[in-house]
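Subject: Structure handover

Hello,

Please find the structure below. My notes on its side-chain contacts follow it.

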Amino acid sequence: EIFKMLVNFSNRCRKLKSSEGFKLYLNGEMQHPEDVLQHLPVKSDKTLTGYHRRMEKYFPDYCLVCDELLQTSHDSWAKLQEFTRTLFKSVGFPNRFVEMGLYLGNYRKTPFGVHVDGCGVFSFPVVGHKTFRLWKPEFAKKNPSLDRTLSYDRFKKNSKIMKVTPGGMTYWPSNAWHIAESDGSFNATWSLGVWVDRTHLEN
């Protein structure tokens, strides 16, 4: 179902000659929008893993992000609304917005390094294992070199690891500094961000 959504949105982008809604990182480098179109999924890939097999022939490290995928599927949007309705009954309605993105690839680390999103994040693996490494905001404040770094070995002992597989879910608050890690295997993960008016420093 997700593969069909990806192909539909990719076809729409190719028709409009615009990759808006997609971001692609190859070997850690963000690609120019005009170069993204040639690397999007096509129907002949048949599955998410089929797309991966095609990509890994050329790129030992790639990450494709799509922030607009749910607009191609009314049913999937309804499922998201069912989850968020249940959530908001318990914690209250966010006074900004909610967004959903799909991350897929064989990237070993989040290409833009350790970061903080400014929103609470729920992560749902679809394919493969997912590992997240998190640091408390107090530690990040005392160690500003953590920001956006991909070289954080000396900080690992101060972090917390979360691992999750398809059917599971992880969550971290808006002030948690984090990075995704992988052994290079293919994975695809939904990421649901819940934004509020307060900044991550206040949340």
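Two rings of Phe, Tyr or Trp (for Trp, its six-membered ring) count as an aromatic pair if their centres lie within 6.5 Å; planes under 30 degrees apart make the pair stacked, over 60 edge-to-face, and the rest tilted. By that definition the structure holds 11 aromatic pairs.

On the source: this is a predicted model, in which local features need pLDDT of at least 70 and side-chain atom pairs count only at pLDDT 80 or more, while totals for chains, interfaces and linings use all residues. Residues are numbered from 1 along each chain as its sequence is written, and side-chain values use heavy atoms, with hydrogens and water left out.

Aromatic pairs

One of the pairs is Phe83 with Phe124: the ring centres are 5.4 Å apart and the planes stand at 90°, so this pair is edge-to-face. (Helices, H or I with at least four residues, and strands, E with at least two, are DSSP runs numbered from the N terminus.) Phe83 has a relative accessibility of 28% and counts as partly exposed; the classes are buried under 20% relative accessible area, exposed over 50% and partly exposed in between, with a 1.4 Å probe and protein chains only.

Another pair, Phe132 and Trp172, is tilted, with 4.7 Å from centre to centre and 55° between the planes. Phe132 is in strand β6 (residues 130–135) and Trp172 in strand β8 (residues 170–172), so parts 40 residues apart in sequence are tied together. Both Phe132 and Trp172 are buried.

There is also an aromatic cluster, made up of Phe83, Phe122, Phe124 and Tyr171.

Salt bridges

A salt bridge here is a side-chain nitrogen of Lys or Arg within 4 Å of a carboxyl oxygen of Asp or Glu.

- Asp67 and Lys23 meet at 2.8 Å, N to O. Asp67 sits in the loop between β3 (62–66) and α4 (74–91) and Lys23 in strand β1 (residues 22–26), 44 residues apart. Asp67 is partly exposed at 30%, as is Lys23 at 27%.
- Asp45 pairs with Arg54, with 2.7 Å between the closest N and O atoms. Asp45 is buried at 8%, whereas Arg54 is partly exposed at 28%.
- Lys156 and Asp153 meet at 3.4 Å, N to O. Lys156 is partly exposed at 33%, and Asp153 is exposed at 56%.

Regards
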